[in-house]
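Welcome! Here is a friendly briefing to read alongside the structure.

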Amino acid sequence: MKHNKDRILSMLLPLISLGLFFVLWFWLARAEDSMIPTPYETLLRLLEICRKPISKATLPIHIWVSLRRVLIAFFCAIVMGVSFGVALGWNRTFRALVNPIFEILRPIPPIAWIPLIILWCGIGELPKVIIVLIGSVVPIVLNTYSGMKEIDPLLLDAGKVLGAGRRQLLWEITLPATVPAILAGIRTALSSGWMCVVAAEMIAARQGVGFLIVRGQESGDTALIVACMLVIGVVSMLLSTVLIKLEGVLCPWQFSKTK
Amino acid sequence: MREEAKVKVRNLTKSFGELLVLDDISFDIKKGDFVCIVGPTGCGKTTFLNLLVKLIEPTSGEILIDGEPADPKKHNMAFVFQEPSAYPWLTVEENIQYGLKIKKMPKNVIAERTEEILDVLGLRDVRKTYPHQLSASLEQRVVIGRAFALHPDLLLMDEPYAQMDIKMRYYLEDQVIKLWQRTGSTVLFITHNIEEAIYLSEKCLILSNKPTTVKEEKTIDLPRPRDIALPEFIALREYVTNQIKWW
């Protein structure tokens with residue numbers, strides 16, 4: 001039974017690779033004057049910060065603080081990025097006018113904005129949100145724009161021939177056709193936003209996962225650093241799982257390919 | 001007395017850059033006619049239909065539908081492209097309804113036409129599925145259904161049955177004839193299959209090689225339903241085939 005064998009393999013291989021990962025980690029941590037904590041030490045530290053507050057907050061609070069910054073920025077980024085991308089893809093004048101500026105600003109890493117934004121907005125919540133916004137708006141704009149460019153001209157022609165006006169061509173044909181590309185952009189945006197928040201918090205924050213990592217560095221607490229790194233990875237993974245589920249709801253036609 | 005022309009084509013010329021595709025074409029199609037356009041491969045048949053529905057602009061000359069410049073927003077026309085063009089995000093029945101919704105038909109008409117089309121094209125079992133789940137030939141039936149549902153005054157079809165197997169093609173040929181007879185629409189049907197052209201049309205428009213002109217308008221006056229084995233049918237088929245030859 002080839003099918004059965006495939007299934008067992010696809011369940012077994014991830015377990016093997018995870019196991020190898022922990023063995024390697026353990027082996028590296030045991031080496032002489034290693035700076036790395038063992039998996040066990042990391043786990044203990046993780047459980048400890050869930051109960052004992054650092055900077056007046058336990059780990060779940062820190063995660064929530066980071067997550068809230070990301071989500072606020074992320075929703076602004078969706079609204080701004082999709083409208084901007086649609087305008088770029090739909091309106092030739094707008095594209096000619098704005099695209100050169102966008103092309104110059106686009107390659108600047110969001111982290112490079114941090115000093116300037118802190119100078120402008122201080123160290124409250126706003127600067128972190130803005131930095132995450134910068135990091136997550138770009139992939140949404142790019143995906144929306146390229147999704148609109150790549151629409152099958154036949155679909156537009158079919159609409160024109162049926163008598164669809166320009167507005168209908170946009171709302172009823174171009175936009176639905178672009179939804180999968182937009183969703184792909186949103187997924188990239190969320191993970192890029194999550195990276196940006198950690199970076200922003202490492203530079204100036206009192207709470208958040210990025211702050212915890214810096215605290216670990218300052219106090220030589222490597223277990224804290226590694227525990228937070230793991231948390232960052234897991235949260236990011238969960239976010240993208242949620243988004244993939246959401247894509248199935250938002251564009252069922254993409255996920256019902258049984259041919 | 002001259003019959004009323006549905007489509008009037010006057011001195012139609014189209015060139016893409018240096019390449020002259022259509023050269024000074026003029027003809028009329030009368031209301032309620034069923035015209036097949038045949039011609040050698042790559043002679044600009046598709047270009048002609050695209051001009052007719054304003055997807056591209058002519059270099060010179062004009063096309064009038066009911067005496068007015070062609071405009072899909074004004075005229076009740078439907079187009080079936082060669083390639084399947086169903087909307088991937090709409091289910092089969094939503095695809096069929098889309099043209100009717102654009103024309104802002106009343107709800108009960110939309111519901112009624114949907115049921116009619118699902119039956120005529122045998123799509124009842126797949127009404128809730130998405131086009132990606134269908135084979136190319138089934139998807140094309142959805143697109144044909146979207147066009148038929150409009151009961152168009154002017155139905156334009158660009159080799160719509162090229163991907164179908166022979167049984168489905170015979171069936172759909174009869175369906176397009178039924179629709180034409182029932183709704184009194186004017187049909188323009190492009191095909192490279194001469195037998196299909198003779199079977200369907202009242203008139204065959206034979207196009208020449210590029211730069212394309214109308215070589216001949218051949219009236220097909222066989223009684224319906226037609227029999228492809230009849231000597232007259234075969235004679236006509238051979239005649240048209242010879243007219244298309246360019247060697």
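Predicted model: local features only at pLDDT ≥ 70, side-chain atom pairs only at ≥ 80, totals over all residues.

Residues are numbered from 1 along each chain as its sequence is written, while chains are lettered from A and ligands numbered from 1 in the order in which they are written.

**Nonpolar cores**

- A nonpolar core is a set of buried Ala, Val, Leu, Ile, Met, Phe, Trp, Tyr and Cys residues joined through C-beta atoms within 7 Å.
- A residue is buried if 20 or more other C-beta atoms lie within 10 Å of its own, exposed if 12 or fewer, and partly exposed in between, with C-beta atoms placed from the backbone.
- The largest nonpolar core has 68 residues, and the members that touch the most others are Val35(B), Ile37(B), Phe79(B), Ala147(B) and Leu156(B).
- In chain B, this core takes at least three residues from each of domain 1 (1-76 + 154-247) and domain 2 (86-151).
- Another core, of 48 residues, lies apart from it and includes Val70(A), Val138(A), Ile140(A) and Val198(A).
- What is Phe79(B) in contact with, leaving aside its neighbours within four places in sequence? The partners are Val161(A), Val53(B), Ala147(B) and Leu156(B), where contact means that the C-beta atoms of two residues, placed from the backbone, lie within 7 Å.

**The two domains of chain B**

- Chain B is divided into domain 1 (1-76 + 154-247) and domain 2 (86-151), with bounds that come from an automatic or database domain assignment.
- Taken over C-alpha atoms, the centres of these two domains of chain B are separated by 25 Å.
- Where they meet, 11 residues of domain 1 of chain B are in contact with nine residues of domain 2 of chain B.
- Helix H5 (residues 166-183) of chain B supplies the largest share of the domain 1 side, five residues. Helices (H or I, at least four residues) and strands (E, at least two) are DSSP runs, numbered from the N terminus.
- That side of domain 1 of chain B divides into six nonpolar, five polar and no charged residues. Here Ala, Val, Leu, Ile, Met, Phe, Trp, Tyr, Cys and Pro count as nonpolar, Asp, Glu, Lys and Arg as charged, and the others, Gly among them, as polar.

**Where the chains touch**

- 18 residues of chain B are in contact with 18 residues of chain A.
- On the chain B side, helix H2 (residues 92-102) of chain B gives the most, with three residues.
- The residues on this side of chain B divide into 11 nonpolar, four polar and three charged.

**Helices to look for**

- Two packed helices are described by the angle between their axes and the distance between the axes.
- In chain A, helix H3 (residues 59-90) and helix H6 (residues 125-149) pack at an angle of about 35°, with axes 6 Å apart. Axes are lines fitted to C-alpha atoms, for helices over the stretch in contact, and angles run from 0 to 180 degrees between N-to-C directions.
- The contact of H3(A) with H6(A) involves 21 nonpolar, five polar and four charged residues.
- Trp64(A) sits in helix H3 of chain A and counts as partly exposed because it has 15 C-beta neighbours inside 10 Å.
- Helix H1 (residues 45-52) of chain B is mostly covered, as six of its eight residues are buried. The buried residues of H1(B) are Lys45(B), Phe48(B), Leu49(B), Asn50(B), Leu51(B) and Leu52(B).

**Loops and backbone details**

- Most residues other than glycine have a negative phi, and most peptide bonds are trans.
- Lys56(A) has a positive phi of about 70° although it is not a glycine, and its place is in the loop between helix H2 (39-51) and H3 of chain A.
- Why does Lys56(A) count as exposed? Lys56(A) is exposed because it has 8 other C-beta atoms within 10 Å.
- Lys104(B), with a positive phi near 55°, is found in the loop between H2 and helix H3 (107-120) of chain B.
- A cis peptide bond, with omega about -5°, joins Arg224(B) and Pro225(B). Pro225(B) lies in the loop between strand E10 (214-219) and helix H7 (231-244) of chain B.
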